[in-house]
Amino acid sequence: MKFIVSSTQLLKQLQVLGGVINNNNTLPILDNFLFEISDNQLKVSASDLETTMTTVLDIEADQSGTVAVNARLLLDTLKTFPEQPLTFVVEDNHTIEISSDSGKYALAYADGEEFPKAVELESPSSTTITADILATAIAKTIFASGNDDLRPVMSGVFFQFSPENLTFVATDAHKLVKYTRTDITANEVAEFIMPKKPLNLLKSILSGSENNVVIEYNDSNAKFIFDNSELVCRLIDGKYPNYEAVIPKENPNKLTLDRGSFLNSVRRVSIFSSKTTHQIRLKMAGTELNISAEDIDFSNKADERLKCNYEGDDMQIGFNSKFLLEMLNNLNSNDVLLEMSLPNRAGILTPIDGLEDGEYITMLVMPVMLNN
């Protein structure tokens, strides 16, 4: 069996699929790409058992068959070639011979039949979304998801689909982000929790693309279909916490600020904060915001004043500067609104501008107790 394929086209697709493969697999077959050849098409798959991704390329082939090829070896080889057609010949002695303009290379292959089959979704529901919007929704939320193995439901992003809107939520109990699109809807109500790894893959592949992505999902798996590729992954099992209950509804104290100035101030002042708590103090009075931090162990302290627009009672509140910086970095707006009620209740950060029609972002950050 032999086939001919463009070196750069193959490399481009394999680099995307390579993101699925783990560094230390329990099953040796998972260190391979699965090549399935039929009707002048090459279907390549990569899997880690939880996530499987496949993509289809046009090739010239003389017959059909399946082989599993070592991913690392093949990628390292392809990276060194300029654009040219490569001829792959599958020999009977369990080696594949690759011929380029400059030489021949033989690498061992494994039996393709050993490769785990991708899950077929039974009676799935489906929703269509623009690729770039999905990539944005992932990018805006995924940073807020947790890393706690004891609470797996919070280590992913919660997808909430309904005929009114699509909502994406992530939280680690210290910060929470809710991203909503009212300009895209689903036919029926559905909820599922997507793990981080496939989302990070989708985010990098789909960013900037105007094509559509079809999302199919049932109780246990989700499938993303786009361009010539498919990604199937197992969902995180469990019930997502009732996040609406933790978003404070009454927030009389409203602080409006220039996002860039606020971000730079917090970044500077946080350098002087305690290395264990990262605590900074916000003190609001009139049209002035005072941002300060102190590391008592090393006698380091910093204090800055910012002009702001503040409505409400004079108050002081403490935040973890790392969380605040992550949130401010993740917004594109010129101005932001920080709404608060009490020093021990969560603050709500929202962008004032820079959003598309039908796009809404709510970020929530838990306060830290101030020690006077």
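**Reading the chain step by step**

Reply: Among contacts in the chain (heavy atoms within 4.5 Å) between residues at least 6 apart in sequence, 66% join residues at least 24 apart. Please keep in mind that this is a predicted model, in which local features need pLDDT of at least 70 and side-chain atom pairs count only at pLDDT 80 or more, while totals for chains, interfaces and linings use all residues. Residues are numbered from 1 along each chain as its sequence is written, and side-chain values use heavy atoms, with hydrogens and water left out.

Me: How many helices and strands does the chain have?

Reply: Helices (H or I, at least four residues) and strands (E, at least two) are DSSP runs, numbered from the N terminus. Here the secondary structure comes to six helices and 27 strands, and the C-alpha atoms fill a box of roughly 80 × 50 × 35 Å, taken along the principal axes.

Me: What share of the residues counts as buried?

Reply: A residue is called buried under 20% relative accessible area, exposed over 50% and partly exposed in between, using a 1.4 Å probe and protein chains only. By that rule, 50% of the 372 residues of the chain count as buried.

Me: Which residues of helix 4 are buried, and where do they lie around its axis?

Reply: In helix 4, which covers residues 196–206, the buried residues are Pro-198, Leu-199, Leu-201, Leu-202 and Leu-206. Seen down the axis of helix 4, these buried residues fall within an arc of 160 degrees (the arc of the directions from the helix axis to the C-beta atoms), so they line one face of the helix. Just after helix 4, Gly-208 takes a positive phi of about 85 degrees.

Me: Is Ser-292 buried or exposed, and which residues is Ser-292 in contact with?

Reply: Ser-292 lies in strand 20, residues 288–295, and is buried, with a relative accessible area of 14%. Leaving aside its neighbours within four places in sequence, Ser-292 is in contact with Val-269, Ile-280, Arg-281, Ala-302 and Asp-303.

Me: How many salt bridges does a search of the whole structure find?

Reply: Side chains of opposite charge can pair when their charged atoms come close. A salt bridge is counted when a side-chain nitrogen of Lys or Arg is within 4 Å of a carboxyl oxygen of Asp or Glu, and a search of the whole structure finds 15 of them.

Me: Which residue forms a salt bridge with Asp-172, and which one with Arg-268?

Reply: Asp-172 pairs with Lys-175, the closest N and O atoms being 2.8 Å apart; Asp-172 is buried at 16% relative accessible area, and Lys-175 is buried at 4%. Arg-268 forms a salt bridge with Glu-304, and here the closest N and O atoms are 2.6 Å apart. Arg-268 belongs to helix 5 (residues 259–270) and Glu-304 to strand 21 (residues 300–307), so this pair ties together parts that are 36 residues apart in sequence. Arg-268 is partly exposed at 44% relative accessibility, whereas Glu-304 is buried at 18%. Elsewhere, salt bridges that share partners join Arg-181, Asp-183, Glu-356 and Glu-359 into one network.

Me: Where does the pair of Lys-79 and Asp-76 stand, buried or partly exposed?

Reply: The side chains of Lys-79 and Asp-76 meet in a salt bridge of 3.9 Å, N to O. Lys-79 is partly exposed, with a relative accessible area of 47%, and Asp-76 is partly exposed as well, at 40%.
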